[in-house]
Amino acid sequence: MAKQDQKRSTKKEVEKKEDEVTSNPEVIEKGKKLKEEMDDLLDEIDDVLEENAEEFIKNYVQKGGE
Amino acid sequence: MNGIVGSETEFGISVRGEGRPDAVSNAVFLVNSYPYLLPASPLWDYENENPLLDARGFEADGERERPRSDYNRLLNKLLINGGRFYVDGAHPEYSTPECTNPLELVLYEKAGERILELAVDFANRRKQGDARFSIYKNNTDHKGNSYGYHENYLVDRSVPFEQLASQLIPFFVTRQIYAGAGKVGSDTKSGSTHYQISQRADFFEVLIDLNTMAKRPIINTRDEPHADGTRYRRFHVIVGDANMSEVTTYLKVGTLMLVLEMIEKGCLVKGVDLDEPIRSMREISRDLTLKEKYRLQRGVEWSAVEIQRSYLEAAERCFAESADAMTQDILRRWRRVLNQLEEEPAQLGREIDWVIKKGLIESYIERKGCGWKDSRIAMMDLQYHDVNREKGLYAALERGNHLDRLIEEDAIQHAQEFPPEGTRAYFRGTCLRNFSKDVYAASWATVLFHGSNGVIKKVPLMDPRRGSKALVSPILEKAKTVDELLSLLAI
């Protein structure tokens with residue numbers, strides 16, 4: 001019985017912790033910032049990616065080296 | 001750590017627009033575009049080179065490379081950091097100078113990337129027409145052609161070659177899980193996949209041999225020590241990927257330096273021999289969850305992480321009493337990385353190339369709603385490795401602070417101009433800096449000077465540990481001329 005109680009309270013604690021994590025403004029803020037940074041990066045990729053990727057890749061043929 | 005290590009990187013080269021007429025001319029044009037070439041253009045000394053000698057005790061058939069002087073100068077650029085920038089076949093190639101530890105190797109590899117970046121910049125400026133060069137530090141054109149990344153480790157000659165080979169095959173088959181550079185698609189007809197861990201795994205067909213260009217072996221037997229061959233072996237590793245991530249290169253080289261030192265000390269790993277190493281290497285490259293198990297010769301099935309962990313644990317035991325700070329750092333990282341790979345590889349998205357690249361591509365796919373076969377994804381795979389930091393995706397991640405770093409940009413700048421201090425590279429690089437016009441030729445094991453009366457005088461450097469700053473700086477500081485230097489060296 002005591003063991004079951006313990007189990008239940010542990011589960012509750014975990015839920016509470018998870019709740020804290022998802023509602024913690026700092027964590028949300030950090031997550032938002034990461035998402036924005038990733039979005040910026042993905043925009044940057046579109047800017048630097050070679051034009052005519054299909055053609056570029058088709059023409060990229062190397063002699064085996066070594 | 002008590003080793004000597006260096007790496008050779010062959011870079012992929014693309015020229016758009018009018019370009020030069022053929023692949024070799026493009027590579028020659030690029031190498032000769034590097035703005036800090038030595039004006040006197042010393043030769044590369046091929047005399048001690050023989051890549052046809054086999055560690056199993058015979059010499060293979062084939063022609064030894066001996067270009068005429070003018071062509072030699074066109075192909076070979078000696079660097080004041082002690083390294084070499086040259087044309088190998090149809091590729092520009094950079095060899096680091098000899099380094100004493102994995103962090104120093106990372107530094108000199110990055111210096112090499114910057115040298116290539118400058119060469120590209122100047123090639124694009126002095127080009128004819130609208131040609132534009134791009135250079136990639138990767139290993140495949142995704143059409144079945146691979147170009148190499150080779151590591152070289154100084155090993156005590158008393159270790160039997162067969163022991164090195166048998167100890168290292170399971171290590172090489174599995175180390176890709178933290179050393180792979182990541183690849184979209186496959187280079188083999190069978191075994192197609194959307195993404196795999198290693199660039200090179202598809203290209204290895206045999207266990208042990210001398211070849212590097214066809215039927216590539218996991219263990220290469222080239223016996224060309226570039227040093228006193230009665231004491232040393234240069235263990236030539238052709239099975240690895242070229243990496244962009246500093247942490248990945250550090251781990252790739254650091255773990256192998258420890259394993260080689262273990263073998264020298266007689267701390268051996270037993271019971272991890274794989275039933276089918278070649279097949280397992282390709283399968284491991286395709287198992288992005290790292291949960292698959294592979295059959296060992298003793299009948300049990302182990303995962304790649306478990307095989308690596310047996311090397312790690314042997315290293316922890318072997319260095320328990322004698323680990324210096326860098327050895328401890330490598331052991332700690334190695335253990336953590338293996339644990340994280342087993343739990344959830346995505347945790348390593350700041351450190352390990354194949355995980356970094358996979359995360360970036362997946363984010364892009366999610367944003368665009370495209371598939372893995374989209375040509376933009378193939379382009380991202382290639383452009384991750386672009387050495388031009390305005391175009392390179394690894395560089396973009398680095399700028400955005402999405403990656404862990406080990407070295408400062410200032411140190412990379414310094415490493416383009418100054419050699420490592422703990423090896424013969426110090427003597428070679430400093431002579432090229434101080435006596436540039438008087439150096440007739442150099443190689444890994446020699447520096448040849450124009451002596452008085454038109455006589456060429458050779459300074460042999462048969463021990464990679466000698467020629468260090470501690471040993472030769474009193475002489476180099478005292479000598480004002482080459483004749484003084486030679487007389488102080490008693491040559």
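1. B:P21 sits in the loop between strand 2 and helix 1 (23-31) of chain B. Helices here are DSSP runs of H or I of at least four residues, strands are runs of E of at least two, and both are numbered from the N terminus. B:P21 is exposed because it has 8 other C-beta atoms within 10 Å; the cut-offs are 20 or more for buried, 12 or fewer for exposed and partly exposed in between, with C-beta atoms placed from the backbone. The C-alpha atom of B:P21 is 41 Å from that of B:L256, and the two residues are 235 apart along the chain.

2. On provenance and numbering: this is a predicted model, in which local features need pLDDT of at least 70, side-chain atom pairs count only at pLDDT 80 or more, and totals for chains, interfaces and linings use all residues. Residues are numbered from 1 along each chain as its sequence is written, while chains are lettered from A and ligands numbered from 1 in the order in which they are written.

3. On confidence: the predictor gives the complex an ipTM of 0.91 and a pTM of 0.94. Chain B has an average pLDDT (the predictor's confidence in each residue, from 0 to 100) of 95, and 99% of its residues score at least 70. For chain A the average is 74, with 65% of the residues at 70 or above.

4. Chain A contains three helices and zero strands, in the order α-α-α along the sequence. Of its 66 residues, 12% count as buried. Among the elements of chain A, the mean pLDDT is lowest in helix 1 (residues 2-23), at 50, and highest in helix 3 (residues 53-59), at 95. Over residues 1-11 of chain A, pLDDT stays under 50, and the model has zero contacts there beyond four places in sequence. Where pLDDT is low, the predicted coordinates should not be read in detail.

5. At the interface, 20 residues of chain A are in contact with 34 residues of chain B. Two residues are in contact if their C-beta atoms, placed from the backbone, lie within 7 Å. On the side of chain B that touches chain A, the elements giving two or more residues are strand 2 (12-16), helix 10 (353-368), helix 11 (375-383) and helix 12 (393-399) of chain B. Helix 11 of chain B supplies the largest share of that side, seven residues. By class, the residues of the side of chain B that touches chain A are 13 nonpolar, 13 polar and eight charged; nonpolar covers Ala, Val, Leu, Ile, Met, Phe, Trp, Tyr, Cys and Pro, charged covers Asp, Glu, Lys and Arg, and the others, Gly among them, are polar.

6. Which residues join helix 1 of chain B to helix 3 (residues 102-126) of chain B? B:F29, B:L30 and B:V31 in helix 1 meet B:A119, B:V120 and B:A123 in helix 3. By class, this contact of helix 1 of chain B with helix 3 of chain B has six nonpolar, no polar and no charged residues. The two axes come within 8 Å and cross at roughly 105°, so helix 1 of chain B is roughly perpendicular to helix 3 of chain B. Axes are lines fitted to C-alpha atoms, for helices over the stretch in contact, and angles run from 0 to 180 degrees between N-to-C directions. Angles under 35 degrees count as roughly parallel, over 145 as roughly antiparallel, 65 to 115 as roughly perpendicular and the rest as oblique.

7. Helix 4 (residues 161-174) and helix 8 (residues 304-318) of chain B have axes that come within 9 Å and cross at roughly 135°, which makes helix 4 of chain B oblique to helix 8 of chain B. Helix 4 of chain B passes helix 8 of chain B in a left-handed crossing; a crossing is left-handed if the near helix is turned anticlockwise from the far one by less than a right angle, and right-handed if clockwise. B:P170, B:F171 and B:T174 in helix 4 meet B:A304, B:I307, B:Q308 and B:Y311 in helix 8. The residues of this contact are five nonpolar, two polar and no charged.

8. B:Y149 belongs to strand 10 (residues 149-156) of chain B and counts as buried because it has 29 C-beta neighbours inside 10 Å. Beyond four places in sequence, B:Y149 is in contact with B:S7, B:T9, B:N139, B:G240, B:D241 and B:A242.
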